[in-house]
Amino acid sequence: IGEVMFAAGKTQLAKSYFLAAVGTRTSLLGSDHPDTLLSRRGLTCVDGSTSSKLTAAQEILAVQRRAIGIENPAALTTLQFVGNIHFKLKQYQAAVEAWEECLEWRIKVLPENHPDIVTTKGTLAGGYLETKKNDAAIKLLKEVLDSRREVFGQSHPKTLSCLRNYGVAVGRLGNWEKSCELLLEASRLLRIKVGDAHNDTVSACKVLMQALRRGKLKDKYSEMYSEFKGSKELAKRLELDSPEQIIWTT
């Protein structure tokens, strides 16, 4: 119930259920029992600052390593969570190390293309981008994109979000024309699938315009500027410079 409440955005109600579960499971099963640890991890998601979440998650992971082994899927979920918190704190190298270990074990113990493997590949790619390991990031993002296309189809929002990330990574290698091609596909399909007001659409359109600008693709920038200005939602949220305001030569 706590997990359902948390997913619904009812954080305080979720916290009360997790607290009750932790108390009852600790009393009946002991503090190191796997079920108790799962409830503690749930409580960690909803309680305290980001730094305190990291400390709590690391403590839970240490107990899980000892009690059930790091290869246990529950322990790997905690390890993934630890990486997520490191990333949120901008501790990118620590996040990469956590996700690399998590991916290594998930590949060993889970079926090929399991959703958890794809998730870890995606987050690890983000970590690689932040630590300037762009080639490794692109390799993982391509694998994730292929998996998303196979499972969800070409135009599913999850596929398109991955396509956006892949386009950003390609741009970081300096291939702006290819980057813009990918980002244009992602932004146009997201506009169709989820609408101009959706955060994923706004994000894709924003990075597209940034890539067009960095690649000095003035004609295409001007075209997309006019197109996006024609959308009430995008015009309000993108805050774009007009082509005339930009210096296009180095």
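**Figure 1. The order of elements along the chain.** From the N terminus on, the elements of the protein run α-α-α-α-α-α-α-α-α-α-α-α-α. That makes 13 helices and 0 strands, where helices (H or I, at least four residues) and strands (E, at least two) are DSSP runs, numbered from the N terminus. What you see is a predicted model, in which local features need pLDDT of at least 70 and side-chain atom pairs count only at pLDDT 80 or more, while totals for chains, interfaces and linings use all residues. Residues are numbered from 1 along each chain as its sequence is written, and side-chain values use heavy atoms, with hydrogens and water left out.

**Figure 2. The whole protein.** Taken along the principal axes, the C-alpha atoms fill a box of roughly 70 × 35 × 35 Å. Of the 250 residues, 42% count as buried; buried means under 20% relative accessible area, exposed over 50%, and partly exposed in between (1.4 Å probe, protein chains only). The accessible surface comes to about 13,100 Å², and 52% of that belongs to carbon and sulfur atoms. Such areas come from the Shrake-Rupley method with a 1.4 Å probe, and for residues only the protein chains shown count as cover. Now look at contacts, meaning heavy atoms within 4.5 Å. Among contacts between residues at least 6 apart in sequence, 49% join residues at least 24 apart.

Figure 3. Helix α2 (residues 11–29) has 19 residues and reaches 26 Å from its first C-alpha to its last, close to the 27 Å expected at 1.5 Å a residue. The expected span is 1.5 Å times one less than the number of residues in the helix.

**Figure 4. Tyr-221 and its aromatic partners.** A search of the whole structure finds 4 aromatic pairs. In one of them, Tyr-221 and Tyr-225 are stacked, 6.4 Å centre to centre with 15° between the planes. Rings of Phe, Tyr and Trp (its six-membered ring) pair if their centres lie within 6.5 Å; planes under 30 degrees apart count as stacked, over 60 as edge-to-face and the rest as tilted. These two tyrosines are 4 residues apart in helix α12 (residues 218–229), so they are separated by about one helical turn. Tyr-221 also forms an edge-to-face pair with Trp-248, at 5.3 Å centre to centre and 70° between the planes. This pair links distant parts of the chain: Tyr-221 is in helix α12 and Trp-248 in the segment after α13 (232–238), 27 residues apart. Tyr-221 is buried, with a relative accessible area of 2%, and Trp-248 is buried too, at 12%.

Figure 5. Phe-87, Tyr-92 and Trp-99 form one aromatic cluster. Elsewhere, Lys-108 lies over the face of Trp-105, at 4.5 Å from the ring centre. A charge sits over a ring if NZ of Lys or CZ of Arg is within 6 Å of the ring centre and within 35 degrees of the ring normal.
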